[in-house]
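Subject: Structure handover

Hello,

Here is the structure I promised to pass on. Please have a look at it first, then read the notes below.

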Amino acid sequence: MPAVSRRAVLGGAGAGLAVGAVGGAWGGRASARDTRPSPGSARVAFHGPRQGGIVEPAQARVEWAAFDLLPGTGRDRAAGLLRDWSAAAARMAAGEPGGDGGGGIALDAGPNSLTVTFGFGASLFDKLGLADRRPPALAALPAFPGDALDPARSDGDLWVQIGADDALVAVHALRVLRRLAAGTAAPRWQMAGFSRTPGATARPMTGRNLMGQVDGTNNPRPQDPDFAAKVFATGPDWMAGGSYAVLRRIRMLLDDWESLPTDRQERLVGRRKSDGAPLSGGPDAGERTPVDLAATAPDGALAIAPDAHVRVAAPASNGGAAMLRRGFSFHDGLLADGAPDAGLLFAAFQADPARGFVPVQQRLARGDGLSRFLRHEAGALFAVPPGAPEGGYVGQPLLE
Ligand code: HEM
């Protein structure tokens, strides 16, 4: 059975994840006249050395949910929850019913590249008497200038990220996992996001955010020799092959942003809006043209402005700090003043936040070009353990 093209073209090479299409009802064609396999049949195997939802291209839909353990929940109960969650996630990723709960929401749909990613917050370790096994990389992040983080929508003992190319499939998975948590953990906060739908563009392309920018170009790539060193942790033992996820709900001041002329928007980022080409590359540059931070314009000014987002965020400006960004847009209606409650559910995966998000955000928050149009409203840091082998569950080496 051939893999569905989007996953095959953009899928996480080297991620150790099986990507393909499901057989049975979902092995068929989209229609009698369409020879492509239905996008709904694409699946990402749940079991493997890495958890899904890190290196795969962002799916069309995401649900993020954080849970807090109920008082009195001990290690056995927490382990049981991760066992149940992992088993349900594996079934749903394979296109099988998730089990009890879910209300039939996803009936008729294939797995739609469903991934379920589990993370552990710093508070989990205290509650389970595991403080001595909390990794140093999970230490609280510093406060950044301009942060206005809402505690009710930040942090949490457990994090679940559900990605799928169909909204009903994603919400169904969330309902199933929430039901399995009953009596053990209570939902703390929940956020929903979206990204490009597979097939929306004539050929696979880097997606755009709600500011209209091509976003994700200079991410580390799975084929880079140092990709794993940047993104995946080597320890402690139970975290080897895992990653650390920094999350931020970043609201965009879209009405202000959209009132700027395009050339001004481009200077604040350092890339062209039409195709994402760096402003240092001249008219023939393309999205993949390397950024040249030293390049100057004919008038002698830096081609990429001193406060351009790509200059301030670049590894070269931050002692080599790097992370894999995998954000989703959100658009949650209107604020009291009528402005859109919209922006980016920013997620960055890295081997150690102290060598990734922290130094970069410290510089961005002091005033890159984009910051004036952004508000950081919620945040969290989670240890994302490695994937579980067949028959195992995520976090087993820590919890059993
Ligand atoms: C690059 C947008 C927040 C780190 C970019 C690019 C865009 C962009 C358009 C250029 C294309 C690319 O290489 O992906 C945004 C928007 C943000 C945001 C709209 C908020 C809503 C952040 C935050 C961080 C960050 C919070 C980290 C603390 C980076 C990095 C790059 C980048 C590391 C690549 C720089 C390079 O090496 O060229 N961002 N970004 N961004 N951004 Fe952001």
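Let me start in a loop. D108 is found in the loop between α2 and β6. (Helices, H or I with at least four residues, and strands, E with at least two, are DSSP runs, numbered from the N terminus.) D108 has a positive phi of about 85 degrees, although it is not a glycine. D108 is exposed, because it has 8 other C-beta atoms within 10 Å. The cut-offs are these: a residue is buried if 20 or more other C-beta atoms lie within 10 Å of its own, exposed if 12 or fewer, and partly exposed in between, with C-beta atoms placed from the backbone.

S113 also has its place in the loop between α2 and β6. Its phi is near 60 degrees, again a positive value in a residue other than glycine. Is S113 buried or exposed? S113 is buried, because 29 other C-beta atoms lie within 10 Å.

Two notes on the source. This is a predicted model, in which local features need pLDDT of at least 70 and side-chain atom pairs count only at pLDDT 80 or more, while totals for chains, interfaces and linings use all residues. Residues are numbered from 1 along each chain as its sequence is written.

The whole chain

The chain has ten helices and 13 strands. Its radius of gyration is 21 Å, close to the 21 Å that the globule rule gives for 400 residues, so the chain is as compact as a globular protein of that length. (The radius is taken over C-alpha atoms; the rule is 2.2 Å times the number of residues to the power 0.38.) Along its principal axes, the C-alpha trace spans about 65 × 60 × 50 Å. Buried residues make up 48% of the 400 residues. Take the contacts between residues at least 6 apart in sequence: 75% of them join residues at least 24 apart. (Two residues are in contact if their C-beta atoms, placed from the backbone, lie within 7 Å.)

Helix α4

How far apart are the end C-alpha atoms of α4? They are 21 Å apart, which agrees with the 21 Å that the 15 residues of this helix (residues 167-181) should span at 1.5 Å a residue. (The expected span is 1.5 Å times one less than the number of residues.) The buried residues of α4 are V169, A170, H172, A173, L174, V176, L177, L180 and A181. What covers them includes β5 (61-69), α2 (75-93), β6 (115-120), β7 (158-164) and β8 (185-194). G183 follows α4, and its phi is positive, near 90 degrees.

Helix α7

Helix α7 (residues 262-269) has Q265, E266, L268 and V269 as its buried residues. Seen down the axis, they fall within an arc of 160 degrees, so they line one face of the helix. (The arc is that of the directions from the helix axis to the C-beta atoms.) An α-helix has 3.6 residues a turn, so residues three or four places apart point the same way. On the other side of α7, D263 and R264 are exposed. The cover over the buried residues of α7 includes α8. Just after α7, G270 takes a positive phi of about 100 degrees.

The ligand

How many residues surround the ligand? There are 28, and the closest are Q213, T217, N218, A313 and L344. (A residue is near a molecule or strand if its C-beta atom, placed from the backbone, lies within 6 Å of it.) The elements that give two or more residues to this shell are β9 (243-252), α8 (309-313), β12 (340-350) and α9 (357-365). The largest share, four residues, comes from α9. The shell divides into 16 nonpolar, eight polar and four charged residues. (Ala, Val, Leu, Ile, Met, Phe, Trp, Tyr, Cys and Pro count as nonpolar, Asp, Glu, Lys and Arg as charged, and the others, Gly among them, as polar.)

Other spots

K127 lies in helix α3 (residues 122-127). K127 is partly exposed, with 19 other C-beta atoms within 10 Å. Leaving aside neighbours within four places in sequence, K127 is in contact with L69 and D157.

A229 is found in helix α5 (residues 227-231). A229 is partly exposed, with 14 other C-beta atoms within 10 Å.

A cis peptide bond joins G235 and P236, with omega about 0 degrees. P236 lies in the loop between α5 and β9.

Best wishes
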